[in-house]
Amino acid sequence: MPSLESDRTMEPVLAWEPVIRRIEEQRPRPVPAMSITFTYGWLVGEVIRRITGMTPGEFFRSTIGNALGLRT
């Protein structure tokens, strides 16, 4: 799923669930390879969330950030 058909304004894009719902509802469509970067983060992040139950940020913090002593 390379890109979303709907309008992309800042507020909806920053809200995780609405973007995931739009990706789930959208039918596959062929698009140029360069637009795959738009939804890649949400797709990978949602896989992380569904497997671990954590948001991507929580997962990064607990598995990498804390071990490296990184602060938010």
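Let me start with a definition: two residues are in contact when they have heavy atoms within 4.5 Å of each other. With that in hand, residues 24 or more positions apart account for 56% of the contacts in this chain that have a separation of 6 or more.

A quick word on what we are looking at, everyone. This is a predicted model, in which local features need pLDDT of at least 70 and side-chain atom pairs count only at pLDDT 80 or more, while totals for chains, interfaces and linings use all residues. Residues are numbered from 1 along each chain as its sequence is written, and side-chain values use heavy atoms, with hydrogens and water left out.

Now the overall picture. The chain has 4 helices and 0 strands, so reading from the N terminus gives α-α-α-α; here helices (H or I, at least four residues) and strands (E, at least two) are DSSP runs, numbered from the N terminus. Of the 72 residues in the chain, 18% are buried. Buried means under 20% relative accessible area, exposed means over 50%, and partly exposed is in between, with a 1.4 Å probe and protein chains only. The chain exposes about 5,500 Å², and carbon and sulfur atoms supply 63% of that. Those areas come from the Shrake-Rupley method with a 1.4 Å probe; for residues, only the protein chains shown count as cover.

Let's turn to the charged side chains. The structure holds 5 salt bridges, each one being a side-chain nitrogen of Lys or Arg within 4 Å of a carboxyl oxygen of Asp or Glu. As a reminder, side chains of opposite charge can pair when their charged atoms come close.

Which residues are linked in a network of salt bridges? They are Glu17, Arg21, Glu24, Glu46, Arg49 and Arg50. Let me walk you through some of the pairs.

Arginine 21 and glutamate 24 meet through their side chains at 2.8 Å, N to O. Both lie in helix 2, residues 16–25, and they are 3 residues apart, about one turn of the helix. An α-helix has 3.6 residues a turn, so residues three or four places apart point the same way. Arginine 21 is partly exposed at 31% relative accessibility.

Glutamate 24 also forms a salt bridge with arginine 50, where the closest N and O atoms are 2.4 Å apart. Since glutamate 24 lies in helix 2 and arginine 50 in helix 3 (residues 37–52), this pair ties together parts that are 26 residues apart in sequence.

Next, arginine 49 and glutamate 46, whose side chains meet in a salt bridge at 2.5 Å, N to O. They are 3 residues apart in helix 3, which means a separation of about one helical turn. Arginine 49 is partly exposed at 26% relative accessible area, whereas glutamate 46 is buried at 7%.

On to helix 4, residues 56–68. At 1.5 Å a residue, its 13 residues should span 18 Å, and the end C-alpha atoms are 17 Å apart, which agrees; the expected span is 1.5 Å times one less than the number of residues. Where is the kink in this helix centred? It is centred on serine 62, with an angle of about 45°. The bend at a residue is the angle between axes fitted to the seven residues ending there and the seven starting there.

Proline 56 lies in helix 4 and is partly exposed, at 26% relative accessibility. Leaving out residues up to four places away in sequence, proline 56 touches Trp16, Gly45 and Ile48.

Phe60, Ile64, Leu68 and Leu70 form a nonpolar patch with about 390 Å² of accessible area together. Patches are made of residues with over 30% relative accessible area and no salt bridge, joining like charges within 9 Å and nonpolar side chains (Val, Leu, Ile, Met, Phe, Trp, Tyr) within 5 Å. Phenylalanine 60 is partly exposed, at 41% relative accessible area. Just after helix 4, glycine 69 takes a positive phi of about 75°.
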